[in-house]
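Subject: Structure for your review

Dear colleague,

I am handing over the structure we spoke about, and below it you will find my notes.

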Amino acid sequence: MTKKFVFYLNLFCFFTFFKVLAADEGMPQLNPEFWISQIFWLTLIFGSLYLLLSKLILPKISNNLEIRKSKIAENIEAAEMQREKSEQKLKDYEKIINNAKNEAKIIFNQAREKILIDINNKKDSLEKEIDEEIKKVEEEITNLKNKSSEKINKIAIEASSDLIKQVIGADVNNSNISAIVEDISKKNEGKGYVN
Amino acid sequence: MATNPMHQFNVYRIGPEIKIGNIDISFTNSSLFMVISSVAILVLLNLGAKKNSLIPNKIQLMAELSYGFVSKMISDTAGSKAKPYFSFIFSLFMFVLFCNMFGMIPYSFTVTSHIIVTFVLAAFIFIGVTIIGFLKHGFGYLKLFVPSGVPVVLLPLIVVIEIISYLSRPISLSVRLFANMMAGHTMMKVFGGFVISLGIVGGWLPLSFSVALTGLEILVAFLQAYVFAILTCIYLNDALNLHH
């Protein structure tokens, strides 16, 4: 329905169009009355437009564009430089950090070695002291042991002389008793001490 | 009231009659709209060129975009040799574009809908391009009419065709713009007339057509200015870089 309507409308339009074209007035474009005037004013106006644009305005615009281009290029260059700088800084920073790490490691190792040496020294000296003490004590002990047998002998001699005196009531020569005691102790020595 | 769709193309005198000798060069409505278009171009571009900020404002952006558009068009079609003709092609493009666009305002006058205006522009371009071609290449420019790689038997025919096509350039260039503008404006006027004659009941359909046509005509106004400028570039390319 609408399609049909549009079709008839178009048809109507078409015929009206040509009717109008065929009317008395015709196309004003083909009326030469103002042709010269139009040519004259077109030349004048378009000529002055061209002159004004080419001499005044277009150089300004192209200049503006050039300036912007160079500015942007400069900025990009500056940004590039800044980036390089910052990268250099970053590298330096990393270097410093690495150096510091290495130094710290070295210091740590040195300190450790020192401490180990110290500990070893202390240990050694302590062991030596302990050894000396042990030796001394052992000597004392041997001394004591040696002396004790003599004392025992003496005590034995005195005790036996006292006993003999009490029992017999006469003095016995100490040297005889000591000879006997030594004899006995020598016999015991042969058996060895029983500690 | 003019129901005649061709009435809008009437040229009439504004102000006094100016005559040089026997020739009438009075200021007409056509001249008025040429002046309006040119002043609009100059004001707009001057505003756009005046302040140079790194980040352009709207008017500056418009001026710079149109500059870049035309300069790209020229370098794409005619190469770097066409640089000296940039201002001319820029002025031509802007002039035709603004005349077309001002014609889109109701009750205004479309300068480019007159064959004499477009023909003068096209003839100027044709003559200029021909002069440039002969200045650049001397009589070698005539090689334009002899395409390479054509059998000798066909050559006379081809040369005649080439010459005719070359000579018809100003006519095709001017008629293309004039006919497009005239046809579009006439169509719009006709549909506008239908709105009135069909009244409140049936007028809506032609009204919607009219609205759609307005959009189309704005597109055509831009497109025809672009075509006019780019054909000029192509002709210039023929004259500057002889490819045949």
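Read along the sequence, chain B runs β-β-α-α-α-α-α-α-α, that is, two strands and seven helices, where helices (H or I, at least four residues) and strands (E, at least two) are DSSP runs numbered from the N terminus. This is a predicted model, in which local features need pLDDT of at least 70 and side-chain atom pairs count only at pLDDT 80 or more, while totals for chains, interfaces and linings use all residues. Residues are numbered from 1 along each chain as its sequence is written, and chains are lettered from A and ligands numbered from 1 in the order in which they are written.

The C-alpha trace of chain B spans about 65 × 55 × 50 Å along its principal axes. Of its 244 residues, 36% count as buried, meaning that 20 or more other C-beta atoms, placed from the backbone, lie within 10 Å of the residue's own.

Helix 2 of chain B packs against helix 7 of chain B at an angle of about 40 degrees, with their axes 8 Å apart; the axes are lines fitted to C-alpha atoms over the stretch in contact, and angles run from 0 to 180 degrees between N-to-C directions. Helix 2 of chain B is therefore oblique to helix 7 of chain B, since angles under 35 degrees count as roughly parallel, over 145 as roughly antiparallel, 65 to 115 as roughly perpendicular and the rest as oblique. Among the residues that meet here are B:Val70 and B:Met73 in helix 2 and B:Ala229 and B:Leu236 in helix 7, contact being C-beta atoms, placed from the backbone, within 7 Å.

Between the chains, the contact takes 35 residues from chain A and 41 residues from chain B. Helix 2 of chain A gives the most to the chain A side, with 24 residues.

Best regards

Technical notes
Contact = placed C-beta atoms within 7 Å. Buried ≥ 20, exposed ≤ 12 C-beta atoms within 10 Å, placed from the backbone.
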